[in-house]
Amino acid sequence: MSAKPPSRIEKSDAEWQTELSPMQYRVLREKATERPFSGEYDHSFEPGTYVCAGCGQPLFTSDAKFDSGCGWPAFSAPAAPDSVEEERDVSHGMVRTEVLCSRCSGHLGHVFDDGPGPTHLRYCINSAALKHQPK
Ligand code: FE
């Protein structure tokens, strides 16, 4: 039996604005990107789980985190296949794949296919979209 799909969370912009910090709101709800090398978790490799800063859903684990040098936290895979959703993003004159939390639809970052093996994926995620829970 597969696990029950996570229940969706939907809130108004006003509700999100009350709950989130200005930076979390800009990233998660307005799809902003934090400045490279500025985020809390860019160079943190403490063991644990990274949950969504919006809804608390586990998104990535420290086991999949690697130092990509790109200035944002990078992961080779999500915590579970259904933790995140992906969407085609053609903004800013680029074709990219956007990564969103599957529970609250919060914007997390983008996924690229230039990561290390075995997945060769690089989930490039804003620190502001994450909260680290130590193991
Ligand atoms: Fe979420």
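**Exercise 1.** Determine whether Cys-104 and Cys-55 are buried or exposed.

Solution. Cys-104 has a relative accessible area of 1% and is therefore buried. Buried means under 20% relative accessible area, exposed over 50% and partly exposed in between, with a 1.4 Å probe and protein chains only. Cys-55, at 15%, is likewise buried. The model is predicted: local features need pLDDT of at least 70 and side-chain atom pairs pLDDT 80 or more, whereas totals for chains, interfaces and linings use all residues. Residues are numbered from 1 along each chain as its sequence is written, and side-chain values use heavy atoms, without hydrogens and water.

**Exercise 2.** Identify the protein donors of the iron ion and state the geometry of its site.

Solution. Step 1: the SG atoms of Cys-52, Cys-55, Cys-101 and Cys-104 lie 2.3 to 2.4 Å from the iron ion. Donors are N, O and S atoms within 2.8 Å of the metal (3.2 Å for Na, K and Ca).
Step 1: the angles among the four donor atoms are 99 to 115°, and the site is tetrahedral (four donors, all angles between 85 and 135 degrees).
Step 2: along the chain, the donor spacing is C-x2-C-x45-C-x2-C. Cys-55 is in the loop between β1 (48-52) and β2 (58-61), and Cys-104 in the loop between β6 (96-101) and β7 (107-112), so this pair ties together parts 49 residues apart in sequence. Strands are DSSP runs (E, at least two residues), as are helices (H or I, at least four).

Conventions
Tetrahedral: all angles 85-135°; square planar, octahedral: opposite > 155°, others 65-115°.
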